[in-house]
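Visitor: I am new to this structure and would like a friendly tour. Could we look at it together, one question at a time?

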Amino acid sequence: MEIRNIAIIAHVDHGKTTLVDQLLRTAGAFRSNEDVENRVMDSNDIEKERGITILAKTTSITYDNTHINILDTPGHADFGGEVERIMNMVDGCLLLVDAFEGTMPQTRFVLKKALEARIKPIVVINKIDRPNADIKSAVDQVLNLFIDLGAPDEFLDFPIVYTSALKGTSSCSANPKDQKAGMDAVLKTIIKKIPAPKTDVNAPFQMQIALLDYNDFVGRIGIGTIKKGSVHVDDIVSVSRLDGSVKQFKVMKLFGYKAIHRLEIESASAGEIVAIAGLPDINVGETICDTGFVEALPPIKLDEPTMQMTFGTNSSPFAGKEGKQLTARKIDERLFKETQKDVALKVSRIPKSESWIVSGRGELHLSILIENMRRESFELEVSKPRVIIKEIDGIKYEPYEDLTIDVPNEFVGDVMTSIGSRGGELVTMDARESVTILQFVIASRGLIGYSTIFMSLTKGYGILSHTYREYRPVTGNDLGQRPIGVLVATESGQATPYSIEHIEERGTMFIDPGTLVYEGMIVGENRYPIDLAVNVTTKKALTNMRSSNKDNTVVLKTPRKMSLESCLDYINSDELVEITPSTYRMRKKILNTVERKKYDSHMRSSEE
């Protein structure tokens with residue numbers, strides 16, 4: 001049976017995972033009576049809730065006597081390292097483009113990775129049934145993108161398939177009326193246009209680890225494509241380590257993929273994508289070979305982390321009331337476990353403390369980890385995200401990003417002003433009938449905390465996306481700090497309607513009456529660029545029945561609800577977010593009001 005190994009790449013929300021669902025259905029991967037949910041490849045709860053793919057997923061189908069391995073890749077730039085490594089495992093890719101939105105920032109990002117690896121692309125124009133879809137414009141944008149990225153001539157004549165993944169139809173014709181049920185057009189194009197892997201089954205065994213998984217029983221599991229030869233369970237093999245050393249180990253388990261399931265297998269041969277267990281500290285980029293025939297493949301380049309946060313044990317007065325995983329040892333074990341399968345994550349313990357520096361590829365990357373830990377009953381506190389500064393030849397460098405904003409025309413002026421104040425440089429401006437697409441280059445620092453402001457500016461109608469560009473010398477301006485002050489509780493207790501009624505005149509509240517608060521907790525936003533200490537626990541003195549009843553008729557404004565990402569965006573460098581299984585709370589690092597004011601006064605005088 002012939003083999004095809006392909007990846008599906010696209011911008012966020014262009015329909016990759018939905019398309020994989022339909023490919024599985026067309027190939028008969030599910031029984032007729034099997035109850036299959038939508039986006040079956042998004043197995044993580046957070047993936048299902050947010051509609052994003054976080055980690056690459058492997059599946060396989062058999063169609064027309066051909067075994068097709070499919071890797072569904074993340075579309076968000078924070079998980080771009082997954083995309084890059086997958087290109088070492090495949091011989092072709094499906095580049096998915098929304099017929100309405102056309103090419104977007106991550107489209108450029110993922111296609112650039114594919115072209116760098118010389119991976120043959122098939123273009124899939126998806127959502128052609130969408131209202132106002134402009135199929136011709138989408139195809140033209142793709143061609144321009146190929147040319148702009150310097151694609152070789154043989155790749156410019158790319159095959160195109162047109163689909164509606166949501167409806168489960170496809171065709172090689174651009175006319176929506178020619179759509180037919182099923183994904184046969186896509187699958188036939190894959191078999192016809194994507195080359196089979198170049199393999200030699202009789203040569204000594206060789207495979208390179210491109211992805212990692214982790215299991216408590218066997219440790220790290222290495223995933224990759226077998227380049228040559230074959231391997232069996234209980235074989236003694238050698239691994240060429242990243243430092244050039246060679247180590248022998250026994251193949252304890254082998255896993256293959258069938259539809260959405262990972263199955264234990266006894267053997268595998270060249271061209272197959274497999275997971276191999278037996279060496280607990282296997283790393284991405286290491287090459288496993290037959291003993292006596294060690295031949296290391298070229299190393300895989302891994303993108304360095306660009307952002308970091310400080311994680312710590314929860315030190316608030318409410319510590320231990322809501323979670324079960326509280327100790328430094330538990331947090332240390334959990335962070336170590338995460339680094340075993342996520343090579344883009346770096347963790348280092350701060351000496352003589354219960355804190356860790358956790359570095360990742362962006363705010364989303366780190367917030368997903370925090371959210372997973374919260375759901376696992378952890379309590380912790382985290383600092384404001386900050387960019388990682390590199391020092392080269394005595395000069396400090398910081399990461400810059402390409403920022404693309406799709407915004408209704410009425411909000412263009414406000415958005416350009418807000419980005420300009422954060423040091424963004426306008427590159428292009430494409431004004432269309434009802435929306436304008438703006439492209440900027442901006443320091444990563446300038447984007448910290450911006451998404452919440454952006455959604456307010458555009459009333460929720462704007463679309464913002466960004467990808468890492470390069471490191472540039474650090475500019476002197478103080479980007480990424482919140483310019484407005486906050487309302488900070490001075491007393492511990494239960495917030496009352498009486499006190500909130502008087503305090504909300506000074507700003508926007510984050511809490512409801514009845515919320516338990518503690519001294520130093522952030523309960524709202526001030527109208528002015530200074531912090532204001534407030535008492536939200538004051539009760540009205542009851543002198544008679546009439547005044548008591550009157551208190552019940554207080555009408556308060558709806559408080560602003562803050563998500564985890566909103567909290568991380570919002571806090572300044574002297575603040576923390578307390579994470580528990582039940583809630584997020586923003587707080588000052590120094591909780592005591594008097595001590596905090598002394599510290600702030602000292603810092604201001606030292607700056608002067």
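Visitor: At what angle do the axes of helix H8 (residues 328-341) and helix H9 (residues 363-375) cross?
Guide: This is a predicted model, in which local features need pLDDT of at least 70 and side-chain atom pairs count only at pLDDT 80 or more, while totals for chains, interfaces and linings use all residues. Residues are numbered from 1 along each chain as its sequence is written, and side-chain values use heavy atoms, with hydrogens and water left out. Helices (H or I, at least four residues) and strands (E, at least two) are DSSP runs numbered from the N terminus, and axes are lines fitted to C-alpha atoms, for helices over the stretch in contact, with angles from 0 to 180 degrees between N-to-C directions. The axes of H8 and H9 come within 12 Å, and their crossing angle is roughly 130°.

Visitor: Which word describes how H8 lies relative to H9?
Guide: Angles under 35 degrees count as roughly parallel, over 145 as roughly antiparallel, 65 to 115 as roughly perpendicular and the rest as oblique. The angle between H8 and H9 is roughly 130°, so H8 relative to H9 is oblique.

Visitor: How many nonpolar, polar and charged residues make up the contact of H8 with H9?
Guide: Contact means heavy atoms within 4.5 Å. From H8, Ile331, Arg334, Leu335 and Glu338 meet Leu369, Asn372 and Met373 in H9. Ala, Val, Leu, Ile, Met, Phe, Trp, Tyr, Cys and Pro count as nonpolar, Asp, Glu, Lys and Arg as charged, and the others, Gly among them, as polar. The division for this contact of H8 with H9 is 4 nonpolar, 1 polar and 2 charged.

Visitor: Stepping back, how much of the chain is buried?
Guide: The chain has 16 helices and 37 strands. Buried means under 20% relative accessible area, exposed over 50%, and partly exposed in between (1.4 Å probe, protein chains only). Of the 608 residues in the chain, the buried share is 52%.

Visitor: Is Thr287 buried or exposed?
Guide: Thr287 is found in strand S19 (residues 287-290). Its contacts beyond four places in sequence include Gln206, Ser238 and Leu297. With a relative accessible area of 1%, Thr287 is buried.

Visitor: Which residue stands opposite Thr287?
Guide: Two strands pair if DSSP finds at least two bridges between them. Strand S13 (residues 236-240) and S19 run antiparallel and are joined by 4 bridges. Opposite Thr287 in S19 stands Ser240.

Visitor: What is the bridge partner of Met207 in S19?
Guide: Strand S9 (residues 206-208) also pairs with S19, in the antiparallel sense over 3 bridges. In S19, the partner of Met207 is Ile288.

Visitor: How far apart are the C-alpha atoms of Cys289 and Lys228?
Guide: Cys289 is found in S19 and counts as buried at 1% relative accessibility. Among the residues that Cys289 touches beyond four places in sequence are Phe205, Val237 and Val294. Cys289 and Lys228 are 61 residues apart along the chain, and their C-alpha atoms are separated by 9.1 Å.

Visitor: Which are the edge strands of the open sheet of 4 strands?
Guide: The order in this sheet is S32-S34-S30-S35, with mixed pairing. Each edge strand pairs on one side only, and the two are strand S32 (507-509) and strand S35 (532-534).

Visitor: Why is strand S37 (residues 584-588) largely enclosed by the rest of the structure?
Guide: S37 forms a hairpin with S36, with 4 residues between them. Strand S36 (residues 575-579) and S37 pair in the antiparallel sense over 5 bridges. S37 is largely enclosed because its buried residues number 4 of the 5.

Visitor: Is Asn65 buried or exposed?
Guide: Asn65 is found in the loop between strand S2 (57-63) and strand S3 (66-72). Asn65 has a positive phi of about 60° although it is not a glycine. Its relative accessible area is 55%, so Asn65 is exposed.
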